[in-house]
Amino acid sequence: MRTTTGGRIDRSRTLTFTFDGETYTGHPGDTLASALLAAGRHSIATSITLGRPRGVTAAWAEDSGGLVQIEEPFPEPMLPATTVELYDGLSARGLAGRGRLADVPDSARYDARHHHVDVLVVGAGPAGLTAALDAAREGKRVALVDEQSEAGGSLLGEPSRPAWVGAAVAELATFPDVLHLQRTTAFGRYDDGFVLALERRTDHLGAAAPKHLSRQRVWRLRARAIVVATGAHERPIVFADNDRPGIMLAGAARTFLHRYGVLAGREVVVFTTNDSAYDAAFDLHRAGAKVRAIVDARTAVPARTAEACEKAGIWLLTDSVVTGTRGVDRITHAMVGTDPIQCDLLLVSGGWNPAVHLFSQSRGTLRFDETLGAFVPGEPLDGVTVIGSAAGEVVPAMTLWRVPGPAERQFVDLQRDATVADIEHAVGAGLRSIEHVKRFTTIGTAHDQGKTSGVLTSGIVAELLGVPVRDTGTTTFRPPYTPVAFAALAGRDRGHLFDPERYTALHDWHVGAGAVFEDVGQWKRPRYYPRPGEDMETAVLRECAAARTGVGLLDGSTLGKIDVRGPDAAVLLDRLYTNLMSTLKPGLVRYGVLCGVDGMVIDDGTVMRLADDHFLVMTTTGGAARILDWMEEWHQTEWPELRVHCTSVTEHWATFPVVGPRSRDVVGAVFPDVDVSRDAFPFMAIRETTLDGVPVRLARISFSGELAYEVYVNSWYAVAIWQRLLAAGQQYGITPYGTETMHVLRAEKGYPIIGQDTDGTVTPQDLGMSWVVSKKKVDFVGKRSFARPANLDPRRKHLVGLLPLDRETVLPEGSQIIAELTAPPVAMLGHVTSSYRSAELGRPFALALLKGGRERVGEVLQVPVNGALVPVEVTGPVLVDPEGARRDG
Amino acid sequence: MQLIDCPHCGPREEVEFSYGGQAGVAYPADPAALDDEQWAHYVFFRDNPKGRFAERWYHAVGCRRWFNAVRDTVTYRFEGR
């Protein structure tokens with residue numbers, strides 16, 4: 001019930017909310033838990049496996065019972081009612097076991113900020129505030145973060161918040177280099193003073209939250225020094241039926257009274273092992289509750305305390321314990337042995353656990369303190385100071401983990417419905433390590449991550465094993481301290497901001513032409529250009545036919561390009577490519593393959609020699625950054641004496657392959673200064689020209705097997721050149737084509753795509769490209785590995801072609817290849833790496849990696865597709881124009 | 001996330017770096033002179049000590065320079081240069 005006065009709530013305003021369909025009211029400053037308790041409602045949720053009623057057990061994030069599902073304004077599962085600040089229009093339900101994720105997209109914004117400070121203080125309680133103020137006064141750059149709605153920490157649970165708290169907050173605000181954040185939970189501490197904190201910026205405003213503000217913000221804080229002032233959690237005591245609504249930690253009842261003006265019960269029993277619970281008993285007594293008994297496990301209590309009980313008329317039982325409870329939705333009796341004591345609120349205090357989570361998360365070792373019955377920070381850490389209650393400055397307590405009783409009804413972890421019996425089973429099964437017990441029982445793995453159950457488990461396991469608690473130790477504390485939504489961690493890095501999107505200079509043209517795009521690395525590339533009524537298959541057949549019989553045009557600008565320049569440029573390339581580049585004459589192009597030291601192909605592409613000391617190296621679209629790094633690594637770490645520079649120029653050059661029998665007509669028309677005749681401009685030659693004063697480079701390179709020219713121009717002029725090529729090609733039906741057609745054309749020619757037809761276990765020889773491996777060079781990266789026995793094994797997988805005999809099935813890429821169906825295990829001979837329908841062949845075909853494949857050409861093998869076997873003929877990988885007459889034409 | 005002290009740029013966030021494995025494994029002067037086992041040791045075998053380890057690091061999204069550093073594999077801590 002609500003007290004008539006007091007609390008840090010605004011009684012002048014009323015907020016209306018619903019819970020489990022019923023309407024309630026509260027005040028600004030309330031949490032959902034305090035407002036429900038004010039209405040006399042203790043039973044909040046039902047437990048996950050046993051379905052037992054559960055209620056509020058604590059006043060903040062350590063609560064293990066009062067989990068709710070927010071329904072309005074936006075669905076959010078599994079929040080402790082104690083941490084949900086009340087707002088008008090809130091609609092929530094008690095959690096019945098599991099939560100429910102929203103089935104609509106979250107429209108709220110989440111963001112992140114980086115901040116660097118000299119001193120980060122976590123916790124704005126008395127210790128933290130003092131530390132922050134001291135540091136600020138010394139002129140340090142300070143951040144102070146605290147998870148509550150206002151500063152004060154444990155002082156918020158005192159009869160009145162001391163005036164100095166407000167003064168300290170006001171003084172901190174006068175320092176320009178102090179960042180003070182409330183509603184901000186430091187949830188993870190990592191190496192070198194890095195701390196992640198979650199700021200809840202608008203949750204407490206409900207529907208009134210301004211739309212321009214991010215809902216939550218992740219602070220990435222880097223601090224030279226961290227002060228951990230995170231306080232302490234009160235520790236429960238385990239007894240039978242200790243999970244009923246109306247059983248809560250003593251300090252929590254005090255916080256509800258003083259902070260929220262809520263008397264959590266009228267008839268109170270207190271069960272304690274230490275002095276701190278007496279404050280709660282006397283405060284609730286003064287506020288009008290009937291304290292029926294204080295049950296203290298200690299044989300004696302301080303004389304002053306006993307006198308105060310007598311004066312207040314409170315029955316004090318020493319050397320006694322609560323052994324059980326009665327009640328269903330709310331406690332009705334606390335049992336002391338066989339004596340029931342009537343009550344509607346049972347307050348429990350087994351002592352205090354310093355909140356050592358942040359200290360422990362990153363290699364902070366803990367020490368068990370016998371006088372506190374708790375773990376405290378052990379060896380000091382560089383750059384981390386723990387102060388106040390978190391350092392162990394808490395009330396000493398007699399150690400009592402559990403009272404004797406029926407283990408299967410003694411709850412240790414309420415959220416997991418895990419009992420002492422479960423721990424007994426774990427220990428009985430032979431488990432000795434606390435980490436194993438945790439995994440066996442699931443204790444500490446729920447929403448609260450064992451904030452109240454962890455130390456209890458250590459104590460109970462130690463008792464069962466008959467060893468000191470310091471030997472049992474505690475499980476590792478891991479971030480996050482409290483749950484953090486994935487949406488907050490993702491921040492703005494979602495949707496199209498998840499990864500940078502790269503566009504070629506022609507992107508707008510592609511969009512206008514109705515291209516269907518595909519992602520190639522970060523690039524958006526046109527996959528095909530459907531005409532009205534066309535699906536991908538018909539569009540690609542049309543585009544392929546145009547390139548093979550007329551002329552096609554591709555935006556190949558995403559091709560990786562590296563400018564390699566310097567007197568030793570040829571030396572570097574000779575050492576990295578399997579073939580010779582130093583013998584290439586300026587003005588010519590050579591195809592090359594790069595291998596790792598293990599001899600496996602890592603990339604391929606053409607290399608242009610522009611001058612003696614100047615090469616333009618092409619990589620695969622996906623390999624551009626990796627191959628630049630590869631060149632830098634070898635240059636910097638092995639051959640720093642080489643005078644060469646490698647520069648990425650991928651974006652600088654737009655690249656347009658003009659492909660097909662009519663490509664000569666188109667290129668010749670657009671660039672009249674260039675003699676494009678077969679003899680004047682042969683295959684693998686380069687020509688430099690200008691068009692309206694703009695330098696253009698042409699090269700006879702073919703990734704399709706057709707007569708083809710690649711046009712290179714500064715990206716600024718990409719659109720203009722593209723338009724001129726289209727205009728010149730109109731009379732030949734010039735057809736823009738996308739990556740899908742590009743893949744079909746190259747596959748028909750048996751040109752592998754590194755990373756699709758290879759997987760890091762494929763050598764140039766496996767690809768049938770022994771011709772690209774120099775026999776003249778003494779050495780190059782990968783050469784020695786070619787002589788390893790495994791690389792000479794004739795059973796290695798080779799790149800081959802496959803033709804389905806039914807002339808109809810497009811084999812799914814990744815399909816396995818077998819000789820025949822036998823009893824399992826069926827021997828796998830290889831797999832399909834590329835598979836398309838071919839306009840040129842009039843049937844589907846595939847590329848595959850096949851064991852001993854070159855020896856199997858002509859054989860018929862089987863490929864399982866959708867439960868049936870498709871017979872396929874093994875062929876060489878080149879299915880179109882094996883002589884290369886078209887390409888050289 | 002650690003701060004790694006790039007010799008050219010100073011301390012930077014760990015995500016800017018990529019790891020290059022054990023330092024001091026030179027490319028053999030004459031690979032053809034090595035037998036298969038010796039070559040396999042160069043290609044595939046690296047130390048994996050508990051404690052001090054000389055490593056190669058690459059400031060991949062910074063100055064793009066490679067450098068060597070000694071790090072403790074237990075504490076992750078880099079030794080000052």
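Two strands count as paired if DSSP finds at least two bridges between them, and strands themselves are DSSP runs (E, at least two residues), just as helices are runs of H or I with at least four, numbered from the N terminus. Everything below comes from a predicted model, where local features need pLDDT of at least 70, side-chain atom pairs count only at pLDDT 80 or more, and totals for chains, interfaces and linings use all residues. Residues are numbered from 1 along each chain as its sequence is written, chains are lettered from A and ligands numbered from 1 in the order in which they are written, and side-chain values use heavy atoms, with hydrogens and water left out.

View 1. Start with β19(A) (residues 324-327), which runs antiparallel to β20(A) (residues 331-336) and is joined to it by 4 bridges. Look for Gly324(A) facing Met335(A) in β20(A).

**View 2. An open, parallel sheet of 5 strands in chain A.** Reading across, the order is β15-β22-β16-β17-β18. The edges are β15(A) (247-249) and β18(A) (316-317), each pairing on one side only. At the β18 side, β17(A) (residues 290-296) pairs with β18(A) in the parallel sense over 2 bridges, with Val295(A) opposite Leu317(A). Helix α4(A) (residues 250-260) packs on the sheet, touching β15(A) and β22(A) (345-349), where contact means heavy atoms within 4.5 Å. The direction of α4(A) makes about 85° with that of β15(A); axes here are lines fitted to C-alpha atoms, for helices over the stretch in contact, and angles run from 0 to 180 degrees between N-to-C directions.

**View 3. An open sheet of 5 strands with mixed pairing, also in chain A.** Here the order is β2-β1-β7-β5-β6, with β2(A) (22-26) and β6(A) (76-80) as the edge strands. Ignoring direction, neighbouring strands are turned by 35° against each other on average. Inside the sheet, β1(A) (residues 15-19) runs parallel to β7(A) (residues 91-94) and is joined to it by 2 bridges; Phe19(A) has Ala92(A) as its bridge partner.

**View 4. Helix α15 packing against helix α16 in chain A.** The axes of α15(A) (residues 569-576) and α16(A) (residues 624-637) are 11 Å apart, at an angle of about 105°. That makes the two helices roughly perpendicular (65 to 115 degrees; under 35 is roughly parallel, over 145 roughly antiparallel, and the rest oblique). From α15(A) come Leu572(A), Leu573(A) and Leu576(A), and from α16(A) come Trp630(A), Met631(A), Trp634(A) and His635(A).

**View 5. An aromatic pair, Trp509(A) with Tyr529(A).** Phe, Tyr and Trp rings (the six-membered ring for Trp) pair if their centres lie within 6.5 Å; planes under 30 degrees apart are stacked, over 60 edge-to-face, and the rest tilted. The count over all chains is 25 aromatic pairs. In this one the centres are 6.1 Å apart and the planes at 65°, so the pair is edge-to-face. Trp509(A) lies in helix α13(A) (residues 507-512) and Tyr529(A) in the loop between β30(A) (523-528) and α14(A) (536-549), so the pair ties together parts 20 residues apart in sequence.
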